[in-house]
Amino acid sequence: MLLQPVWSFLLGHSSVLRSPFFPVLFSLTVYLIFCLPFLLLDLLSSRWSLVRRYKLQPQSISNWTTVQSCLALTLYNHIIFIFPLTVLNWYLRPVLLPQEAPPLPQMVAQVLVCLLLFDFQSFTWHWLHHKVPWLYRTFHKLHHTYTSTSALTAEYSGAWETLSLGLFAAANPLLLSCHPLTEMLFFVVNIWLSVEDHCGYDFPWATHRLIPFGLYGGAHHHDLHHLKSKCNYAPYFTHWDRLAGTLYT
């Protein structure tokens with residue numbers, strides 16, 4: 001009942017939801033909206049010490065060349081690789097939109113399970129692409145171009161990495177038979193956490209400060225990975241790195 005008004009509103013735009021353009025435009029728009037506040041903070045940090053004090057690497061300064069390079073690669077990957085695959089998926093698997101919204105507890109539980117699955121899949125992929133030199137050189141080294149993270153570096157990666165992680169993200173809601181609204185929420189949360197991981201700031205309200213007992217790594221955790229390279233392979237939670245002995249704090 002809580003989610004029905006939201007879902008009914010979205011059903012009123014069912015032609016948009018069923019469009020083959022929707023998945024790409026949705027993910028790209030959400031990603032850029034989440035990046036924008038951090039881009040503005042990057043502009044302010046060079047002049048405003050109050051912002052700079054929260055930067056994980058205060059000496060690093062984002063410039064237009066970096067922003068332009070990251071945006072260009074993100075747009076290229078979405079247009080050349082992701083869009084054709086979403087059209088193929090749209091053709092092979094028609095979009096089904098049920099009339100009823102999912103129960104709120106079920107939606108929250110499924111989003112959490114999707115995140116935990118994605119965290120494990122990404123950890124395994126990431127660990128392998130650091131441990132096997134050929135995989136690192138061929139596919140993952142591009143993402144480590146910048147040792148200082150900023151929001152737009154979240155999707156600064158080659159086609160193989162973009163499509164691999166995109167496949168994990170897309171497959172998990174299917175495995176759990178998630179409602180389309182749950183699937184959309186998972187994508188929004190997943191994109192936000194990825195952007196926050198790479199934002200380069202450690203704010204008092206950051207996700208890793210809200211989740212207790214060091215269960216969540218967050219921006220500081222992932223920034224250390226870009227600095228040290230051989231640690232902190234999981235994108236979000238810390239348990240897999242803890243078990244693998246690769247956790248660095």
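## Aromatic contacts

Phe34, Phe38, Tyr54, Trp192, Tyr201, Phe203 and Trp205 come together as one aromatic cluster. This is a predicted model, where local features need pLDDT of at least 70, side-chain atom pairs count only at pLDDT 80 or more, and totals for chains, interfaces and linings use all residues. Residues are numbered from 1 along each chain as its sequence is written, and side-chain values use heavy atoms, with hydrogens and water left out.

Searching the whole structure turns up 18 aromatic pairs (rings of Phe, Tyr and Trp, the last by its six-membered ring, with centres within 6.5 Å; planes under 30 degrees apart are stacked, over 60 edge-to-face, the rest tilted). Among them, tyrosine 54 and phenylalanine 203 have ring centres 5.3 Å apart and planes at 45°, so they're tilted. Tyrosine 54 sits in the loop between H4 and H5, and phenylalanine 203 in the loop between helix H9 (180-198) and helix H10 (207-210), 149 residues apart (helices are DSSP runs of H or I, at least four residues, numbered from the N terminus). Phenylalanine 203 is buried at 10% relative accessible area, while tyrosine 54 is partly exposed at 24% (buried is under 20%, exposed over 50%, partly exposed in between, with a 1.4 Å probe and protein chains only).

## Salt bridges

There are 2 salt bridges here (a Lys or Arg side-chain nitrogen within 4 Å of an Asp or Glu carboxyl oxygen). Lysine 55 pairs with aspartate 42 at 3.8 Å, N to O. Lysine 55 is buried at 8%, and aspartate 42 is buried at 7%.

Aspartate 202 meets arginine 209 at 2.9 Å, N to O. Here aspartate 202 is buried at 16%, but arginine 209 is partly exposed at 48%.

Technical notes: Helix = DSSP H or I, 4+ residues; strand = E, 2+ residues; numbered from the N terminus.
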